[in-house]
Number of protein chains: 2
Amino acid sequence: MNIGEAARASGVSAKMIRHYESIGLVPPAGRRDSGYRDYGAADLHRLGFIRHARDLGFSLERIKVLLGLWVDPGRSNADVKAIAEAHLRELEERARQLNEMADALRSLADACDGDGRPDCPIIASLVTGADAPACHPNPAPATPEPPAPRGKARTKR
Amino acid sequence: MNIGEAARASGVSAKMIRHYESIGLVPPAGRRDSGYRDYGAADLHRLGFIRHARDLGFSLERIKVLLGLWVDPGRSNADVKAIAEAHLRELEERARQLNEMADALRSLADACDGDGRPDCPIIASLVTGADAPACHPNPAPATPEPPAPRGKARTKR
DNA sequence: TGTGAACGTTCCCATCATGGCAAGGTCAAC
DNA sequence: GTTGACCTTGCCATGATGGGAACGTTCACA
């Protein structure tokens with residue numbers, strides 16, 4: 001089985017299969033006389049395993065460990081679970097950070113009329129680092145202006 | 001003001017300040033006779049703007065646009081809002097994906113006893129690509145074994 | 001038997017934002 | 001004058017993936 005067929009069958013691109021081989025995530029594929037890599041069912045299984053782990057966001061480094069546990073008949077599911085939970089905590093932490101950003105940005109965007117005037121709480125917040133105003137406490141809090149150009153030499157930029 | 005002081009004052013590392021200069025996100029800093037970069041209040045403002053935008057997860061590319069709008073007295077807050085909302089949608093999408101992964105991984109981890117035996121629904125799911133079993137439908141669905149080693153030529157690896 | 005398309009190979013480069021390191025120049029305090 | 005903290009430029013690395021060049025192989029079809 002060519003690398004292209006293996007790619008289609010496993011859902012891992014040929015490019016990535018070669019990469020995984022180069023970093024030792026999959027063993028070096030057998031070669032035909034032509035130099036073409038040759039894949040069998042066992043290879044497809046391994047590639048499928050990797051793809052499913054990638055779908056769950058596991059890093060290649062952790063997948064390497066999971067593959068080691070997979071092929072270890074004496075593995076402990078506690079080891080597997082520990083890796084999964086470590087990854088889960090990282091996923092949750094990253095999601096938390098994204099949600100924090102999204103929440104902050106959402107209130108800024110909500111506070112912006114988007115009516116075509118220059119006044120903009122989003123810009124204002126980026127300038128001052130402050131959060132979005134509660135609602136519209138003051139009617140027209142002029143958007144802070146950019147700092148004056150350097151010295152007198154405007155053309156210097 | 002040295003780059004180090006500017007870094008401390010703005011919360012942007014010296015390394016990044018140089019980088020931002022190299023990609024045109026900040027104008028080339030003034031230089032002293034020694035060749036040292038020299039920063040003033042306007043530069044700190046700009047760096048602070050960038051840092052706050054980075055804190056909200058904006059890409060440097062988008063920050064470049066936001067900076068352009070900031071310094072444009074004729075800007076429309078609709079333009080700013082459009083960029084913010086585009087970014088917001090991306091944040092939400094990324095968070096959604098992470099949560100999807102986390103949910104899937106959580107049910108797998110919950111389904112794993114972690115009692116030290118080799119049986120492991122996490123490994124099983126990575127092998128088959130199937131979701132976590134509903135709860136524990138069958139008492140001991142033996143974890144799928146790794147594929148047999150390649151043919152008879154184990155040394156071929 | 002030739003030929004062309006589709007595939008394979010290796011190697012290098014790019015992404016994105018950031019950090020690290022090395023070799024060398026500058027500054028300020030003692 | 002020495003020392004330590006700082007600055008300069010330049011290159012390399014990250015992690016996972018894609019793109020492309022230059023060149024070899026396979027296979028079907030005329």
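**Note on a predicted two-chain model**

1. The side chains of Arg106(B) and Glu92(A) meet in a salt bridge, N to O at 2.9 Å. A salt bridge here is a side-chain nitrogen of Lys or Arg within 4 Å of a carboxyl oxygen of Asp or Glu. Across the interface of chain A and chain B the rule finds 2 salt bridges, and over all chains the count is 22. Side chains of opposite charge can pair when their charged atoms come close.

2. This is a predicted model, in which local features need pLDDT of at least 70 and side-chain atom pairs count only at pLDDT 80 or more, while totals for chains, interfaces and linings use all residues. Residues are numbered from 1 along each chain as its sequence is written, chains are lettered from A and ligands numbered from 1 in the order in which they are written, and side-chain values use heavy atoms, with hydrogens and water left out.

3. The interface brings 65 residues of chain A into contact with 66 residues of chain B, contact meaning heavy atoms within 4.5 Å. Arg75(A), Asn77(A) and Leu126(A) supply 13% of the area that chain A buries against chain B, more than any other three residues. The area buried between the two chains is about 5,600 Å², with 68% of it from carbon and sulfur atoms. Buried area is the accessible area (1.4 Å probe) that two parts lose on being put together, summed over both.

4. Between chain A and chain B, 18 residue pairs are in polar contact, both residues being at pLDDT 80 or more. A polar contact is a pair of N or O atoms within 3.5 Å; within protein, one must be able to donate a hydrogen and the other to accept it, and residues adjacent in sequence count only if both atoms are side-chain atoms. On the side of chain A that touches chain B, the elements giving two or more residues are helix 3 (41–55), helix 4 (60–70), helix 5 (77–111) and helix 6 (121–128). The largest share, 21 residues, comes from helix 5 of chain A. By class, this side has 35 nonpolar, 15 polar and 15 charged residues. Ala, Val, Leu, Ile, Met, Phe, Trp, Tyr, Cys and Pro count as nonpolar, Asp, Glu, Lys and Arg as charged, and the others, Gly among them, as polar.

5. Asn77(B) is found in helix 5 (residues 77–111) of chain B and is buried, with a relative accessible area of 0%. Buried means under 20% relative accessible area, exposed over 50%, and partly exposed in between (1.4 Å probe, protein chains only). The side chain of Asn77(B) makes a polar contact of 3.0 Å with the side chain of Asp115(A), and reaches the backbone oxygen of Asp119(A) at 2.7 Å. Not counting residues up to four places away in sequence, the residues that Asn77(B) touches include Cys112(A), Gly116(A), Pro118(A) and Cys120(A).

6. Ser76(A) has its place in the loop between helix 4 and helix 5 of chain A. Ser76(A) is buried at 15% relative accessible area. Leaving aside neighbours within four places in sequence, Ser76(A) is in contact with Gly116(B) and Arg117(B).

7. Within chain A, the side chains of Arg37(A) and Glu21(A) meet in a salt bridge (3.0 Å, N to O). Arg37(A) lies in strand 2 (residues 37–38) and Glu21(A) in helix 2 (residues 14–22), so the pair ties together parts that are 16 residues apart in sequence. Arg37(A) counts as buried at 18% relative accessibility, as does Glu21(A) at 15%.

8. In chain B, the side chains of Arg31(B) and Glu21(B) form a salt bridge at 3.9 Å, N to O. Arg31(B) is in strand 1 (residues 30–31) and Glu21(B) in helix 2 (residues 14–22) of chain B, so this pair ties together parts 10 residues apart in sequence. Arg31(B) is partly exposed at 47%, whereas Glu21(B) is buried at 15%. In chain A, salt bridges that share partners join Glu21(A), Arg31(A) and Arg37(A) into one network.

9. As for the chain as a whole, chain A has 6 helices and 2 strands, in the order α-α-β-β-α-α-α-α along the sequence. Helices (H or I, at least four residues) and strands (E, at least two) are DSSP runs, numbered from the N terminus. Of its 157 residues, 39% count as buried.
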